[in-house]
Amino acid sequence: MVTTSKTSAFALNDLSIIVKTGNQGVYNQPCLWLIHGSGGISSNEDIWIERAFEEGYSVIMVDSYSNRGIFKQNWESLDEFRIPPYQRAQDQVSAFEFLEKKNKILPFLDLSKSKAVGFSDGGTASIWLQSSEFSNYWSDSYSLYPGLKPTAFTPEMYNIRKDNVHVFVGELDNWTPAFYCIDYQKITGCKLTIWPDTHHSFSKPGDIVTGKRSE
């Protein structure tokens, strides 16, 4: 039997939802949600898709930018239109609830087995998914170099399902500094890994790092 992959694309109001599987013949696969950063969906996600397929996961990505007329968000431009991480998290929830109704054409998905990986701004959104503000749809959120400056939070950001949150940040990250992540971990009790001698965007192709965990 020949293994065939499949890509499905959906429009939901001002969102685009992309669903990819490495083997459409295997039903009820667990789902890995990749939440893009401020540059939008890019080659950054490719290595994650490949690895997800190797591990038997299907991949779901929500494009929060294109249908809103956004190319990418430059955080040094104060007058630029912004989508806050809370809204980005709401986008994931809307997509989840939409896909729940599409089981007849997506039989390879088991949404009840969903994990999220978020990058930078998307990493902050992945933490929001574990807030008491939202239903417990994702068993784990893996947040890579998130922006955790406390002035950007409401109290709900601290009321999270802490055992579901795994934060990873580079020791030398000057965009989303590690010290904010350390302070956030002390307050919430989430899991935190700090990678030494490492800068922002360490998950992109070609970067090799070693790490240490602080819990």
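Modeller: An axis here is a line fitted to C-alpha atoms, for a helix over the stretch in contact, and an angle between two axes runs from 0 to 180 degrees between their N-to-C directions. This is a predicted model, in which local features need pLDDT of at least 70 and side-chain atom pairs count only at pLDDT 80 or more, while totals for chains, interfaces and linings use all residues. Residues are numbered from 1 along each chain as its sequence is written, and side-chain values use heavy atoms, with hydrogens and water left out.

Biologist: What makes helix 2 and helix 3 a pair that can be described by an angle and a distance?

Modeller: Helix 2 (residues 85–100) and helix 3 (residues 121–128) pack with their axes 8 Å apart and at an angle of about 65°. This makes helix 2 roughly perpendicular to helix 3, because that name is given to angles of 65 to 115 degrees, while those under 35 count as roughly parallel, those over 145 as roughly antiparallel and the rest as oblique. The helices themselves are DSSP runs of H or I with at least four residues, strands are runs of E with at least two, and both are numbered from the N terminus.

Biologist: How do you know which residues of helix 2 and helix 3 meet?

Modeller: Contact means heavy atoms within 4.5 Å, and Pro85, Tyr86, Arg88 and Ala89 in helix 2 meet Asp121, Gly122, Thr124, Ala125 and Trp128 in helix 3. The residues of this contact divide into five nonpolar, two polar and two charged, where Ala, Val, Leu, Ile, Met, Phe, Trp, Tyr, Cys and Pro count as nonpolar, Asp, Glu, Lys and Arg as charged, and the others, Gly among them, as polar.

Biologist: Why is helix 3 called mostly covered?

Modeller: A residue is buried under 20% relative accessible area, exposed over 50%, and partly exposed in between, with a 1.4 Å probe and protein chains only. In helix 3, eight of its eight residues are buried, including Gly123, Ser126 and Ile127. These buried residues pack against strand 3 (29–35), helix 2, strand 5 (109–119), strand 6 (138–144), strand 7 (165–170) and helix 4.

Biologist: How do you know that the buried residues of helix 4 line one face?

Modeller: In helix 4 (residues 178–188) the buried residues are Ala178, Cys181, Tyr184, Gln185 and Thr188. Seen down the axis of helix 4, they fall within an arc of 115°, so they line one face of the helix, the arc being that of the directions from the helix axis to the C-beta atoms. The face turned away from this buried side carries the exposed residues Lys186 and Ile187, and just after helix 4 comes Gly189, with a positive phi of about 80°.

Biologist: Why is Ala52 called buried, and what makes Trp48 partly exposed?

Modeller: Ala52 lies in helix 1 (residues 46–54), and its relative accessible area of 4% falls below the buried limit of 20%. Trp48, which also lies in helix 1, has 23% relative accessibility, a value between the two limits, and therefore counts as partly exposed.

Biologist: Which residues do Ala52 and Trp48 touch?

Modeller: Not counting residues up to four places away in sequence, Ala52 touches Leu32, Tyr57 and Val59. With neighbours within four places again left aside, Trp48 is in contact with Leu32, Leu34, Val117, Phe119, Leu144 and Ser203.

Biologist: What makes the phi values of Asn13 and Ser201 worth a remark?

Modeller: Asn13 has a positive phi of about 55° although it is not a glycine, and Ser201, also a residue other than glycine, has a positive phi near 65°. Asn13 sits in the loop between strand 1 (6–12) and strand 2 (15–21), whereas Ser201 is in the loop between strand 8 (191–195) and strand 9 (212–214). Asn13 counts as exposed because its 75% relative accessibility is over 50%, while Ser201, at 14%, is under 20% and counts as buried.

Biologist: Why are Pro155 and Ala152 called exposed?

Modeller: Pro155 and Ala152 are found in the loop between strand 6 and strand 7. Pro155 has a relative accessible area of 65% and Ala152 has 63%, and each value is over the 50% that marks an exposed residue.
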